[in-house]
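Subject: The structure you asked about

Hi,

Here is the structure for you to open. Have a look around it before you read my notes below.

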Amino acid sequence: MKSLKIALAVGVVGIGGAMMFMASSENKTEIKENKNPTVITGTPDKRVPVLPTMDSRVGFVAEHDSAAVSPVWQNFIYKSELNEYRQLHAKIFLTDEEKVFRKDLVKNEQVLRSLQELLQTPATDDNSTQMQNAALDLLFEALQTSADGEAARVLKAVVSNPTVEDKSVNLETRKSLAGVKAEILFQMSSMHPQTAQELERLLPGPVSQQLWSNVKAQQQNNLAESTLQKRK
C-alpha cells in the first residue's frame, strides 16, 4: 500500500482568550472541521507525521532555547537503547543480533513505561527531538501487535494529559506537546479504529478536542484522496 504522506504544520489562533490548534497541509490549505468525520481503518505503512516530527520540526524546534534542555532528556536511563533503536529503525536490513535486540526492546514493558515521560516533556533541541520521535516509533511498533498492551496504556496516558489545556504553561511547550498528542491520536485510531471512542473520552479539554477533530478530518481527506487515486 502506498504510504499517504501528511506533512502538517501547526498554527495557533487565539479565539476569545482560548487557544485552538489548526492543522494545515503542505500547500497551506486549511483543513476545515468535518461535522461527521470518520476514522480510516487499517494500519499505516509507517509513522505519519501528523504534526511536526523528526524532519518537519526543524524550524519548530528552533523557536526554543536550545540551552534550556530538560533533565528528563539528559538523565533518561534508556538513552543508549533508544538511540540504538533509532538507528535500527532507519535501516532496511538488520543482522540477526539487531533483530533480537529490536524484538526484545519492543516487548520490554519497563522501557515502554519509561517513554511516557519523554512524550510529556517538550523537545527543545535536535537531540531531544530525535529521542522523542524514537520513543514514538518504538511505542507505535509495539502498538501494532496489541491495542491494549503497555504501549497503548502509555499512549492513552499522554492523550489524557491536560498540559495543552493549561493557559499558564508556556505557549511553545503547549504547541510541542500538542504535536505529540495529535500524532498519537492519528496513529492509534488508524491502527486500531475500535479505540476511537475511548480516545475521544480521554480528551481533557477543548484544545485536545480540536486536535482530534483535525486528525479525523485529515483521515477522511486521506481516504477520499486514496479512493480517487484508485479510480484513475
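Below is what turned up, starting with a pair of helices and ending with salt bridges.

First, some ground rules. This is a predicted model, so keep in mind that local features need pLDDT of at least 70 and side-chain atom pairs count only at pLDDT 80 or more, while totals for chains, interfaces and linings use all residues. Residues are numbered from 1 along each chain as its sequence is written, and side-chain values use heavy atoms, with hydrogens and water left out.

**Two packed helices**

Helices here are DSSP runs (H or I, at least four residues), numbered from the N terminus. Helix 4 (residues 96-107) packs against helix 6 (residues 126-143) at about 80°, and their axes are 9 Å apart. The axes are lines fitted to C-alpha atoms over the stretch in contact, with angles running from 0 to 180 degrees between N-to-C directions. That makes the two helices roughly perpendicular (65 to 115 degrees). Arg-102, Leu-105 and Val-106 of helix 4 meet Leu-138, Glu-141 and Ala-142 of helix 6; contact means heavy atoms within 4.5 Å.

**The core**

Leu-138 turns up again in the largest nonpolar core, which has 46 residues. Such a core is a set of buried Ala, Val, Leu, Ile, Met, Phe, Trp, Tyr and Cys residues joined through side-chain atoms within 4.5 Å. Leu-82, Leu-115, Leu-119, Leu-138 and Ile-184 touch the most other members. Leaving aside neighbours within four places in sequence, Leu-82 has contacts that include Phe-76, Met-131 and Leu-138.

**Salt bridges**

How many salt bridges does the structure hold? There are seven, each being a side-chain nitrogen of Lys or Arg within 4 Å of a carboxyl oxygen of Asp or Glu.

Glu-150 is in two of them: one with Arg-113 (3.9 Å, N to O) and one with Arg-153 (2.9 Å, N to O). Glu-150 lies in helix 7 (residues 150-160) and Arg-113 in helix 5 (residues 109-119), so their bridge ties together parts 37 residues apart in sequence. Arg-153 is in helix 7 too, three residues from Glu-150, about one turn of the helix. Glu-150 is buried, at 14% relative accessibility, whereas Arg-113 is partly exposed at 39% (buried means under 20% relative accessible area, exposed over 50%, partly exposed in between, with a 1.4 Å probe and protein chains only).

Lys-156 also forms a salt bridge, with Glu-198, at 2.9 Å between the closest N and O atoms. Lys-156 is buried at 15%, while Glu-198 is partly exposed at 29%.

Happy exploring!

Technical notes. Angles under 35 degrees count as roughly parallel, over 145 as roughly antiparallel, 65 to 115 as roughly perpendicular and the rest as oblique.
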